Structure formats: C-alpha cells, structure tokens
Amino acid sequence: MNARRIDHVHLRIPEDEIEHAIEFYQGHLGFPLEGFEDYEEGDTPIFHFRLAQDTIIHVRPTNEFVHPERENFDHLAIILNEDIEDVKQELEDAGVIIEREGTPDGATGEAPAIYVRDPFGYLIELKEPVSETA
C-alpha cells in the first residue's frame, strides 16, 4: 500500500452531549460544523467538523458511549496554522484546561504543542507547524 494521508478520525460521543461537542470543536477550536442537518433529520448517524479541505473529524452520538481509557486511546494530533502561544491564550481565556505542553516529534517533525481534553475525555494535541528553518 502507498498511503497519502489520514482522511478522517471517527469519535463516539454521548448521545445527550452533542452541544458540548459543538461548543468544543466549533466554538473553542474553530473547526466548522458540517452535516448536522442530515444528522438531525435522521439521514445519517454522524456529523463532522472540518479541520482542512481534506481532513475531518466524524462524530457519532451514541447511548453506548464509553469514556476513552489511556490503555485504548492516547491522543489525536492536529497541526494548526497558528502560533501555539496565541492558541493557548485563546483556549485559556475560554476556560479550556491545558493539560501539558511540549515539543513532540511527529510526521512533520518537532514543534511546540499543547494538549487539551475534549468534553468526552479524548486527548487532543494542538501543534504549531514545524519551522522551515528546523
């Protein structure tokens, strides 16, 4: 196989906490909500948030939701097109807790990052783009 990229990630959330997903992913992180009307009309069991032209997070509300355990899921890493200090300040101003900070290595190299949890326990790494001088 010759993979190009990840197209989407699929996360389950509690059926009665959809508004928390929208507040976090759209409100705090700024990812546009898509497909919600189709979800509400019962045409599809999912809706999603667009991270980039070719990447989305599918969200599946379910009454069988189980909080993620560290043994089963660690984190989702998202490269942003912004300075991580600006993102950190925006999230802190919105009351989002920054669990930790670092300069992790990833597919594109090392860059500053912060880690936050969404309302359902998923750990999200928000990473600055790798410097071209690095």
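**Figure 1. Parallel pairing of S1 and S4 in the predicted model.** Strand S4 (residues 55–62) and S1 run parallel and are joined by seven bridges. Within this pairing, Leu11 stands opposite Val59 in S4. The structure shown here and in the views below is a predicted model.

**Figure 2. The open sheet S5-S8-S7-S6.** Four strands, in the order S5-S8-S7-S6, form an open sheet in which the pairing is mixed. Strand S5 (76–79) and strand S6 (98–102) are the edge strands, and each pairs on one side only. From one strand to the next, the twist averages 25°.

**Figure 3. Antiparallel pairing of S6 and S7, with helix H3.** Four bridges connect S6 with strand S7 (residues 113–117), and the two strands pair in the antiparallel sense. Ile98 has Val116 as its bridge partner in S7. Helix H3 (residues 84–93) lies across S6, S7 and strand S8 (123–127). The helix H3 runs at about 25° to S7.

**Figure 4. The two domains of the protein chain.** The domain assignment divides the chain into domain 1 (1–66) and domain 2 (67–133). Domain 1 contributes 17 residues to the contact, and domain 2 contributes 16 residues. The C-alpha centres of domain 1 and domain 2 are 18 Å apart.

**Figure 5. Buried area between domain 1 and domain 2.** The size of an interface is often expressed as the accessible area lost when the parts come together. Between domain 1 and domain 2, about 1300 Å² is buried, and carbon and sulfur atoms give 80% of this area. Phe24, His28 and Phe65 together supply 35% of the area that domain 1 buries against domain 2, which is more than any other three residues supply.

**Figure 6. Polar features and secondary-structure elements at the domain interface.** The count of salt bridges between domain 1 and domain 2 is zero. Two residue pairs are found in polar contact across the interface of domain 1 and domain 2, both at pLDDT 80 or more. On the side of domain 1 that touches domain 2, the elements that give two or more residues are S1 and H1.

Notes
Residues are numbered from 1 along each chain as its sequence is written. This is a predicted model: local features need pLDDT of at least 70, side-chain atom pairs count only at pLDDT 80 or more; totals for chains, interfaces and linings use all residues. Side-chain values use heavy atoms; hydrogens and water are left out. Two strands pair if DSSP finds at least two bridges between them. Axes are lines fitted to C-alpha atoms, for helices over the stretch in contact, and angles run from 0 to 180 degrees between N-to-C directions. Contact means heavy atoms within 4.5 Å. Domain bounds come from an automatic or database domain assignment. Buried area is the accessible area (1.4 Å probe) that two parts lose on being put together, summed over both. A salt bridge is a side-chain nitrogen of Lys or Arg within 4 Å of a carboxyl oxygen of Asp or Glu. A polar contact is a pair of N or O atoms within 3.5 Å; within protein, one must be able to donate a hydrogen and the other to accept it, and residues adjacent in sequence count only if both atoms are side-chain atoms.
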